[in-house]
Amino acid sequence: MLSFDPSKDDFTKNYKFLIGGILPRPIAVVSTRNSDGSNNLAPFSFFTGVSAEPMIVAFCPLIRSSDGQKKDTVLNIEREKEFVINICSFDICEQVNLASTEFDRNEDEFIQAGLTPIPSEIISASRVKESPVHYECKLRDILSYGEHKGAGTLITGEVVKVHIDEKAHQDGRIITRKISPVGRGAGNDWFKTDQPFEMKRLMKSQIQK
Ligand SMILES: Cc1cc2nc3c(=O)[nH]c(=O)nc-3n(C[C@H](O)[C@H](O)[C@H](O)COP(=O)(O)O)c2cc1C
C-alpha cells in the first residue's frame with residue numbers, strides 16, 4: 001500500500017487523497033447574500049448532517065487555492081450569520097457546476113448559473129427554486145483550521161426551516177429516486193444515484209450463527 005504522512009506533504013497531494021478516498025460526497029449548494037444584497041451561490045461537497053435535534057448541518061469551504069483568500073460564501077456567512085443549503089439533483093448539476101466558477105464578488109451567481117432565486121421564509125438569503133430540498137440555516141459555529149491555501153473551515157448551521165418538493169416526499173419521508181441527488185468523487189467525477197438499493201439493519205437476534 002502507498003502510505004504517507006499528510007503533515008509532511010503539500011496541500012495539493014493531501015487534497016487529492018482526501019477527495020479520492022471520501023466519496024461519493026453529497027453536494028450542498030449554499031446560497032448566501034452578498035454585501036450589496038445580491039445572491040451568492042456555490043457548491044460544497046465537504047458536507048454532512050450533524051444533529052437531528054437540534055437540526056444541525058455542516059459544510060467546509062477551504063481557503064481558495066488561486067489567491068489564498070476566504071471564499072465569498074464564508075465572508076457572507078461571517079457577516080450575515082445565515083445561509084441556505086439547497087440539495088443538488090441530477091436535473092441541475094450543470095447549473096450547479098457553473099455556480100462553482102470564481103465570479104467577482106457581488107456578481108449574482110443565480111443569474112450566472114441560470115437558476116431561479118425564491119425568497120426564504122425565515123432568513124434573508126434566497127433559495128434555489130429548481131432544487132428539491134432546502135434547509136434554511138442560522139449560523140451556529142465557524143471553526144477555522146488556518147489561513148493558508150487549502151486550510152478548511154467547518155461551518156455549522158441550525159436548520160430553522162425545511163422545504164421539500166411536494167413530488168419528493170411520501171408518508172413523512174423523502175423518496176431518494178424522486179430527488180435523484182448527485183454526489184462528487186475524485187477529480188472531476190460526479191455520481192448519479194439512480195440505482196439505490198435497500199438493505200435493512202438487523203437486530204442481533206436476527207443474525208444466524
Ligand atoms: C461539486 C463541487 C463541490 C465543491 N465542493 C467544495 C468544498 O467542499 N469545499 C470548497 O472549498 N470548495 C468546493 N468547491 C469549489 C467551490 O464551489 C468554488 O471555490 C466556488 O467558487 C466558491 O464560491 P464562493 O467564492 O462564491 O464561495 C466545489 C465545487 C464543485 C463543482
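User: What should I know about the model first?
Analyst: It is predicted, so local features need pLDDT of at least 70 and side-chain atom pairs count only at pLDDT 80 or more, while totals for chains, interfaces and linings use all residues. Residues are numbered from 1 along each chain as its sequence is written, and side-chain values use heavy atoms, leaving out hydrogens and water.

User: Where does Lys81 lie?
Analyst: In the loop between α2 (72-80) and β6 (82-87). Helices (H or I, at least four residues) and strands (E, at least two) are DSSP runs, numbered from the N terminus.

User: Why does Lys81 count as partly exposed?
Analyst: Because its relative accessibility is 46%. Buried means under 20% relative accessible area, exposed over 50%, and partly exposed in between (1.4 Å probe, protein chains only).

User: What does Lys81 touch, not counting residues up to four places away in sequence?
Analyst: Asn76, Lys138 and Leu139. Contact means heavy atoms within 4.5 Å.

User: New topic. Which strand gives the most to the lining of the largest pocket?
Analyst: β3, with five residues. A pocket is an open set of points on a 1 Å grid over the protein atoms alone, where a 1.4 Å probe fits, with protein on both sides within 12 Å along at least five of seven lines; lining residues have an atom within 4 Å of a point.

User: Which elements each supply at least two residues there?
Analyst: α1 (11-21), β3 (39-44), α2 and α3 (93-99).

User: And how many residues line the second largest pocket?
Analyst: The second largest pocket has 16 lining residues. Among those nearest its centre are Ile87 and Pro181.
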